[in-house]
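Reader: I have a structure to go through and would like a plain description of it. Can you take my questions as they come?

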Amino acid sequence: MSDTPTRHVTVTIRPKVGLRDPEGNAIEHALAALGWQGVTNVHVGRTVSFELPAGDDDTARSEAAEMCSRILANPVIEDFQIEVGGRGV
Amino acid sequence: MSGLVAIPIIPGVNCEHDVAHAISLVGGESAFVHHMEATLPSGTQAVYIPGGFSYGDYLRAGAIARFAPIVAAIGRAAADGMPVLGVCNGFQILCEAGLLPGALARNVGLRFLCQDVHLRVETAGTPVTHRLKAGNVLRIPINHGEGCYTAPTETIDRLEAGNQVLLRYCRPDGTVDPDDRESNPNGSLRSIAGVTNEAGNVAGMMPHPERASESILGSVDGLPIVESLVKVSTTAGVA
């Protein structure tokens, strides 16, 4: 019986660089109002984390990249980053 | 013989009865079709994807609905030239499915917008605008949180050059100003409110024509759009 180990994957999806990010802007203004002047480049995205059966990190990464391009992110308006955190628990 | 307009029912969509009613107002026939169906009802000559919040807008508006079997069937029919109109969430689903270019991002002011807008018809002669003329101004309501039409600049240039911009948000006098939040409240790029695919048979728009289809609703300006789709479905094609 094969017993494929699982990898813990965290995908971070953000508005594409260069596109308007009204949510990030609103938070930037709120931070400034609270005294954090000079904070820039505030962006809001979402995180999708999951356990994936994969023998190694590269396999997990390429599976996750395909998930991102097919459903998790919309390439027209979003960028994504994939982090593979070793074996899942 | 009357052509049938299929109305896909995807969980969370909530305008299907309004759409069926508006279609009946112009003498058309419609049929609801379940999202798990892999084919359109026999006799279908056009599709009207209603608005709502499919799958609770989880992940992104329309992102999960695009994988519904019925959306695959709509994609196949669209490739064969069938007229398809997606309104609001229907528009978002068509963009997510890659049947229309671009994407609908969060409204620039972050507010959910539920109000009348004015629209200028940019391209007449499509399956959803052949009862209208370019330059006509319509008053139709919007009802969305993610309606800011967004696409790479080169895509938008291509849409404009190819007459794929269907409608733009405008002032009551028909003038367009993308930076004017009064007339372009969601901040859509170049005030784009609706687009078509390259072939012109697939159209998407954020405003709800079915909600402007009877005088008791405050406007009948959406009726020519519904009527265009219904009539094209009865004649199976427009010149």
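Reader: Start with strand β11 of chain B. Which residues point which way, and are they buried or exposed?
Author: This is a predicted model. In β11(B), residues 202–205, Val202(B) and Gly204(B) point one way, while Ala203(B) and Met205(B) point the other way. All of these are buried.

Reader: Which way does β4 of chain B run against β11(B), parallel or antiparallel?
Author: Parallel, with four bridges joining β4(B), residues 84–87, to β11(B). Within that pairing, Val87(B) has Met205(B) as its bridge partner.

Reader: And how many bridges join β10 of chain B to β11(B)?
Author: Three, and these two strands run antiparallel. β10(B) covers residues 192–196. One of its residues, Val195(B), is the bridge partner of Gly204(B).

Reader: What do β10(B) and β11(B) form?
Author: A hairpin, with five residues between the two strands. Gly200(B) sits in the turn and has a positive phi of about 90 degrees.

Reader: Switching to helices. How many residues of α3 in chain B are buried?
Author: Eight of its eight residues, so that the helix, residues 89–96, is mostly covered.

Reader: Which residues are those?
Author: Asn89(B), Gly90(B), Phe91(B), Gln92(B), Ile93(B), Leu94(B), Cys95(B) and Glu96(B).

Reader: What covers them?
Author: The cover includes strands β3 (44–49), β4, β5 (103–105) and β11 of chain B, along with helix α2 (69–79).

Reader: What comes just after α3(B)?
Author: Gly98(B), which takes a positive phi of about 80 degrees.

Reader: Zooming out. How many helices and strands are there in chain B?
Author: Five helices and 11 strands. Of the 239 residues in the chain, 58% are buried.

Reader: What does the radius of gyration of chain B agree with?
Author: With a compact globule: for 239 residues, such a globule would have a radius of gyration near 18 Å, and chain B has 16 Å. The C-alpha trace spans about 45 × 35 × 35 Å along its principal axes.

Reader: What share of the contacts in chain B is between residues 24 or more positions apart?
Author: 76%, counting contacts with a separation of 6 or more.

How values were computed
Residues numbered from 1 in each chain as written. Chains lettered and ligands numbered in written order. Predicted model: local features only at pLDDT ≥ 70, side-chain atom pairs only at ≥ 80, totals over all residues. Rg over C-alpha atoms; globule rule 2.2 N^0.38 Å. Buried ≥ 20, exposed ≤ 12 C-beta atoms within 10 Å, placed from the backbone. Contact = placed C-beta atoms within 7 Å. Pairing = 2+ DSSP bridges.
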